[in-house]
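Welcome, and please get your viewer ready. We will go from stop to stop, selecting residues as we go.

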Amino acid sequence: MLQLIDLRTEYTKNPLGLDVDKPRFSWILQSEANNTVQSSYRIIIKELRTDGRIVWDSGLIADDQSIHVEYSGEALKPMTRYEITVQVQDNHNDCAETSGWFETGLMSYQNLQAEWITHPYADEIEACPIYGRKIKPVSKLVSARAYVTALGVYNLLINGETVSGAFLSPGWTSYHNRLQYQSYDITEQITNGGLVEIETGNGWYKGIFGFYNMPNHYGKRTAVIAMIRLVYDDGSEEIISTDEAWTCRTGFRRYSEIYNGEKIDLTYAEDDTEQVVLFEHQKDMIVGQVNEPVRITERLKASKLIVTPAGEFVLDFGQNMSGVVEAKLKLPRGTMIKIRHAEVLDKNGNFYTENLRGARAEDTFICSGGDDVFIPAFTFHGFRYIAIEGMSAEQIKPEAFTACVLHSDMEKTGSFECSFAGVNRLQKNIEWGQRGNFLDIPTDCPQRDERLGWTGDAQVFAATAAYNMNVALFFTKWLRDLKAEQTLDKGVPHVIPNILGNAEGAAAWSDAATIIPWAMYEAYGDKRILEDQYESMRDWVEYIRSKAGDSNLWQSGFQYGDWLGLDKEESADRTGATDVYLVATAYYAWSTDLVAKAAQILGKTDEYEKYIKLASEIRKAFQREYITETGRLVSETQTACVLALHFNLAGEKYAPRILKTLESNLAKHNNHLVTGFVGTPYLCHVLSDNDLHELSGQVFLKQDYPSWLFAVNMGATTIWERWNSMMADGSIDESGMNSFNHYAYGSIGEWMYRKLGGLNIVEPGYKKSLIAPMPVKGITSASACLKTMYGNLSCSWKCQDGMFYIDVEVPVNTEALIKLPEQEEEISVGSGKYHYEYVTTMQLEFERYSLENTLGEIMSNPLAVELLKQYAPDISDNPMIEFAYNMTIVSLTSNMPEGGADLFKMVIAKLNEAEKTKA
């Protein structure tokens, strides 16, 4: 039986306020029959306000397209609801049907019949202005809609109650170029009339923000604009808009800043209302909301009360997050409570806020004497712990304090888990890092006086993000701001929206312009993202070309290099040891490749040929400049090797030696990575893709510093900014740039889903997939699941007692290639569920002896001594050997002539065989 579910319009179920001329429709099919493919579809769109008049009937289309089917009917009307009916048939002659709706928004700022209004107070007012107007429907109400936006952030209330659960609307955009408005169905709240209010805070528009904690980045005053449209049962309409008839007052929210927190005074007597002031401001940048709103997505109770050695009263919520604390208190009138926020406790167990820099991150609550509920509206904090001042230990009841997790309300699409508990915690940390930083824009961190949309962090994490959650709309919105901020003479800014000034673009950071659109196209099969961003992608490459000239080498200007790489002592530049211009030229080649691919997809043949030729010329220039005739890299760092291999810069001629250099570099670091923001995302991919998957697993599963699992073992619940944000003794990095919630190094998540979980894209949107799990020693089972545009794609495997078991699910209307470990033949399948099991020689449990052991540990086994005397007497009889006892075998053999590693591998294998015999 065929089922048609999850009908979406522009990725959203039944969207309200859609401002898209030609919306696209997607749906998921389900069937118990294997090899099910959609054979035809039909879409019917009716305009509901005209008694169901059909505005588009696609007719029966003999095609398997079930995602991003573009509307092709009459021009859509603004503020109108349309009904969608989708009918499909599959190759088994089963049929299914479903329906839904979408409602257009204003469709153009010209349909916003309203004026900007502002408060009558001084520019410097700290209290939050509240604009209001009473409304009374004149007849029986059929529908009521509010279209609202603000310069600042706002909350829409009717009769004192919040209309939606959204926080920090209208979000942060490139305000001079784009300001999103929000659409609300207020029919139920306004049926009998009432007071409509819009409370505003400074937010990103006017608030204190940026490295220098300066206000007024976009303007000196907050303002609002709103249009309320009432439709009556006789067909008539009434428009009520912001104008001079509205009033203004301030209320209990006496102060609000994103960095500094909020002051709520429930003893404050309401001001008398005053007349608003009309505000001169443009409207042509107002556009409909694209992305998901910021909402409370989870509520966490405090786990315990801690009294620190310094005497602070601290609550632990058990999880680092982004959000605010809701407090339910009943204390004497006028009691002032202060709540401070922190991510960690210091090595002595005291509340630690030094890493917040200039962000005060403090909320103040003044009690009314009754049953009070406090929750900030126009701020957010990055925290796991709160310190409470103004209450005694006896008065503090942990259950009265709730951490409200805030982030863009994206749909969770992916899951990964395995037999290794530390890796499962790492996956949770990656997810929490994404949740903590995908708050309307992809921030670097949610806690200190920064919280900016750093492009470099976003691009290295984009592919991982698309596994964990549906980020299509999130990045669509942000990329439009990137395009708006981009210029031909400066390129792509380092942060989007840009409040840092007109610095010239930098490699890896500004390459977000090419890398993220391509990642979204691959993940969601969304060609429109490429269409919308192609000009931006191309112009970024042309910007670099203007700097590189005929040399095809980008060797000028400021560069971040391999940011925070550990292979160079940190100085003011923090760029790592890799030549920064090698990094720049590598990304120049990669971005040019992506522009060529996009041009090919979009049918721009001339531009495809132009950029594919340019990419080839850049690769040749890279090889001339950075690789010797014998294949030696100018910078023999881990990151340089990784970029040369991952970006296809080495070619067949030089790749083998560069790979060997990478292997040797890792060995000299005891198979620890020392990569920064640029090398880390690709390191494990390069090893796995070049027949060093076992080494990739060893790097991944390292548990001491520096490694992913080091932070896990230190109790991290999010991804850290630095490998050394906190050291084993509990000491904290004091460089002035240290976040405990930074998602960039969480980019390993893509490798976990693809290599360990086996979920790979062959055709965009997973129309065709490759299921190819690659087990590593130390993980005996793993399971990955991804809700693709077509439905659930999953792979679950287990290696146990000499058998390998694997279960695969392939969504309807797609196909997959299955590559089983140790099996040569690829299996081609259609949709359905598949199970395989077979005898295996893989031994995935950790063995007692490995290359990670020290020489002393190996030599403490008499069998090892005997074997070395037999096969390498020069080593075993060398009187200096004891000086190497503290070296790991992997480090020791990196300095040996060729064959040394093979010798010790043989010895280790013999030792492990003997262990099994004893068992």
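Which helices each supply at least two residues of the lining of the second largest cavity? Select α3 (421-437) and α14 (708-713): each of them does.

Before going further, note that this is a predicted model, where local features need pLDDT of at least 70, side-chain atom pairs count only at pLDDT 80 or more, and totals for chains, interfaces and linings use all residues. Residues are numbered from 1 along each chain as its sequence is written, and side-chain values use heavy atoms, with hydrogens and water left out. Helices (H or I, at least four residues) and strands (E, at least two) are DSSP runs, numbered from the N terminus.

**Stop 1: the cavities**

Stay with the second largest cavity, which has a volume of about 100 Å³. A cavity here is a set of points on a 1 Å grid over the protein atoms alone where a 1.4 Å probe fits but cannot get out, and lining residues have an atom within 4 Å of a point. A volume is the space filled by probe spheres set on the points, with grid points joined across faces, edges and corners. Show Trp708, Trp720, Trp723 and Tyr745, which are among the lining residues. α14 gives the most to this lining, with 3 residues. By class, the lining has 8 nonpolar, 3 polar and 1 charged residues; Ala, Val, Leu, Ile, Met, Phe, Trp, Tyr, Cys and Pro count as nonpolar, Asp, Glu, Lys and Arg as charged, and the others, Gly among them, as polar.

The structure holds 7 cavities of 30 Å³ or more. For the largest, at about 190 Å³, select Glu411, Asn470, Lys787, Thr788 and Met789, the closest to its centre of the 17 lining residues. The elements β1, β3 (24-31), α6 (512-524) and β40 (781-788) give two or more residues each to that lining.

**Stop 2: Asp6**

Next, pick Asp6 in strand β1 (residues 2-9). Is Asp6 buried or exposed? Asp6 is buried, with a relative accessible area of 15% (buried means under 20%, exposed over 50%, partly exposed in between, with a 1.4 Å probe and protein chains only). Its side chain makes a polar contact with the side chain of Arg8 at 2.8 Å, and another of 3.5 Å joins the side chains of Asp6 and Lys13. Such a contact is a pair of N or O atoms within 3.5 Å; within protein, one must be able to donate a hydrogen and the other to accept it, and residues adjacent in sequence count only if both atoms are side-chain atoms.

**Stop 3: strand β33**

Now colour β33 (residues 381-389): 8 of its 9 residues are buried, so this strand is largely enclosed by the rest of the structure. Strand β27 (residues 313-329) runs antiparallel to β33, with 6 bridges between them; two strands pair if DSSP finds at least two bridges. Look for Gly323, whose bridge partner in β33 is His381. Strand β28 (residues 336-342) is also antiparallel to β33, joined by 5 bridges, and there Ile339 stands opposite Ile388.

**Stop 4: an open sheet**

Finally, select the 4 strands of the open, mixed sheet, in the order β38-β39-β43-β44. β38 (759-763) and β44 (827-829) stand at the edges with a single partner strand each, so one side of each has no neighbour in the sheet. β43 (residues 815-818) pairs with β44 in the antiparallel sense over 3 bridges, and Ile818 has Ile827 as its bridge partner in β44.

Conventions
On a 1 Å grid over the protein atoms alone, a cavity is a set of points where a 1.4 Å probe fits but cannot get out, and a pocket is an open set with protein on both sides within 12 Å along at least five of seven lines; lining residues have an atom within 4 Å of a point.
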